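This briefing is for a reader new to the structure. Please look over the sequence and the model before reading on.

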Amino acid sequence: MTKAFTLVALAIALVLPAILPGEFYTGIATQVLVFGLFATSVNILAGLGGMVSLGHAGFLGAAAYCYAILVATYGVGSIAAAFLTLLFGAGIAALFGLVALRTRGLSFLMITLALGQIVWGVAFRYTSLTNGDNGINLPAEALLASTPTARYYLCLAVLVIVLACLFVFMASPLGVSLKGVRDQPRRMSTLGYNTWAIRYVAYIISGVVAALAGILYVQIFQFISPHAMSLTASSEGVLMVISGGIGTLFGPVLGAGIVVLLKNVASAYTDRWPTLLGLIFLFIILVMPDGLLPGLRRMVRRAITAFSSYRGRSYSNTSQEAH
Amino acid sequence: MSALEVVDLAKSFGGLHVIHGISFAVMPGERRLILGPNGAGKTTLFNLIAGDLNPSAGKIVLAGEDISSLPSHRRAACGIGRTFQILTLFANETLIRNVMLAALGRSPSRWRPYRSMEADGELRDFAMTILKKVHLDHISKRQVSETSYGERRRLEIAMALAQKPSLLLLDEPLAGLSREERKSVESLLNELPRELTILMIEHDMDVALAFAERIALLHNGKLLVDGTRDEVISDRRTREAYLAQ
C-alpha cells in the first residue's frame, strides 16, 4: 500500500504544474516542497532521534544567507555557492551539535532555542554583511532555475532524492541505531553503541538537509531576511512534523502542505487564519495523536477490514440461500 | 588472571554512601552470586561495573585491563554484557531485530548509513542462532509487545549473549516470572557456555544457590561475606543480614 501511495503521490507531483491554474499556485506548491524538506530535517532530529529542536530555522536561514551573500555580494557561481553552502551548513551543525548535545529533553529544547536566537541576532545586527532587517535580494541570474515551473521541478527533485536517501537510511544499521538511541539510550550504550556520536551524526545530517532547504528557500523567494529564522519559523517546522506524523517519511511533507496552504490560501479569505490553523492542529492532536498520516493510514486499514468482513458476510449469506 | 577484579570500589550520591570500599575477584568461567537485602547496593555495583555510573573511588579491572574510566559503550566493547532488572527492550520491534541490533553493537557495520539491516544475511543467521539458544526462534518475527513476560526475560538474556560477552551481568533474571517461566529461564542459565563468567543478582534462593559457585553478600553497601556457597550459607552474618529476612 505504501509503494502504491508513493507512486500515486509522485505521479500527482509530476503533473501538478500542468494542472494548477497559474504561477501563483505553482509557487505555493513549490513552497510546500521547500518547507516539506525543512520539516524533513526537523523530523530526522525529532522523529528519528527524539531531539525536538526549537532553533532549526537557524540552519535554514543561515544557509539561505550564506548562498545569498556568496552569489549577490561575492559573485560566486550559483552551483558553486550551493555546494559551499552545504559545507557551511554541515560546519555550523557540527559546531552547534557540540553545544546542544551536551543536554537532553527540555534542556536540549532551550539550548537549541538559544542557538537559533543567536543566529537570528547575528542576521539582524550584522548589517554590513546581512543588510539587517532589510534582508538581501537575490538577482534573477543568481538562481539555480529561471522559471517558476523549473524551480518547482528542482525542488521536487531535491525532495524526492532526500526522501529516498532517508528511506534507505531509516532501514540501515545507523538509522535503526538512531531510533534505538531515541527509545532506549541506556540499553544502546550497554550494547556498545556510542549514543552521543550517533546523535551527533544525526544532528549534522539534519543540519545539512535544513541547509538544502535554505538554498531552495532563497531560490523561490529570491529574498532572505531574519524573519526566516525566527522562533515562529522553527516552531512551525515542529508543528509540521507533529501534525503530519512524527518519525514517518512523508508525514512532515503533509504537515508542511497543511501549514503552507493555510498560510497562503486561507489568509486570502480571512484574517483569522492563525485561529483556523490552531483549530486544525487541535483537531489533529485530539483525533489522530500520532499525526495525520498514521491516522489516515489507520482509518484506511479499518475501512478495508470492515469492507472485507462485510463482503465475507454477504458471500456466506448468498451461499446459504443457494443451498 | 581474574576475569574481573573490583578494588576498593566506592560510590556516593552527595552525602549518601551507597557502596563502601568493596573488593573481590571473579575467576574466568566462575558463577558468582551477589546477594543482599533491598538497598544493599547490588544494582549500583552492577551499574558501576557496566559503566552506567562512575565510581567515587576504587578501580574495576577486566581481564587485567583497568576499565574504571571507560564509558559503558567502551566497556561493552571490552566484553561486558548485561541484563536489566527492569526490562529495556525495543517493544515495537520484532524479537529478531532486537537481537540483530544487540549483535551489531560490537560490529563496525553499525555505522553503515545504507543497506538495510534486514538484508545482512550473516547477521540474521547469527541472531537466529542466539534466539534458538534461548528457545525463542519459533517467534522470531513476533513484536516484543506481543510476547509474554517470560519470553521478554529470555530475550533480555539473548540480547546480552548476542554481544559475545566474556563477562555477563544478570540482574534478577527471574524477577516477576511464574513457576513455569522460572523453570524455563533456569534451564537456560544452566545451558550457558562454561567459559562465560557470570555475576548474578537473584532473590530466588533455590535457583540462585543451585547456580552459584561462589557468593558475595552485600549489606548496607559493604561486602559482608565472600566465599564458596557453603561457606557463605553457613556464616552467621549471612543468616543475620539476609536469610533471616
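**Helix 8 and helix 10 of chain A**

Helix 8 of chain A and helix 10 of chain A make a left-handed crossing (the near helix is turned anticlockwise from the far one by less than a right angle; clockwise would be right-handed). This is a predicted model, in which local features need pLDDT of at least 70, side-chain atom pairs count only at pLDDT 80 or more, and totals for chains, interfaces and linings use all residues. Residues are numbered from 1 along each chain as its sequence is written, while chains are lettered from A and ligands numbered from 1 in the order in which they are written.

- The contact uses Ser177(A), Leu178(A) and Val181(A) from helix 8 of chain A, and Thr195(A), Ile198(A), Arg199(A) and Ala202(A) from helix 10 of chain A (contact: C-beta atoms, placed from the backbone, within 7 Å).
- By class, this contact has four nonpolar, two polar and one charged residues (nonpolar: Ala, Val, Leu, Ile, Met, Phe, Trp, Tyr, Cys and Pro; charged: Asp, Glu, Lys and Arg; polar: the others, Gly among them).

Chain A overall:
- Chain A has 14 helices and two strands (DSSP runs numbered from the N terminus: helices are H or I, at least four residues; strands are E, at least two).
- Its C-alpha trace spans about 90 × 55 × 35 Å along the principal axes of chain A.

The side facing chain B:
- In chain A, 19 residues are in contact with 25 residues of chain B.
- Helix 8 of chain A gives the largest share of that side, six residues.
- The residues on that side of chain A are eight nonpolar, eight polar and three charged.

Conventions: Contact = placed C-beta atoms within 7 Å.
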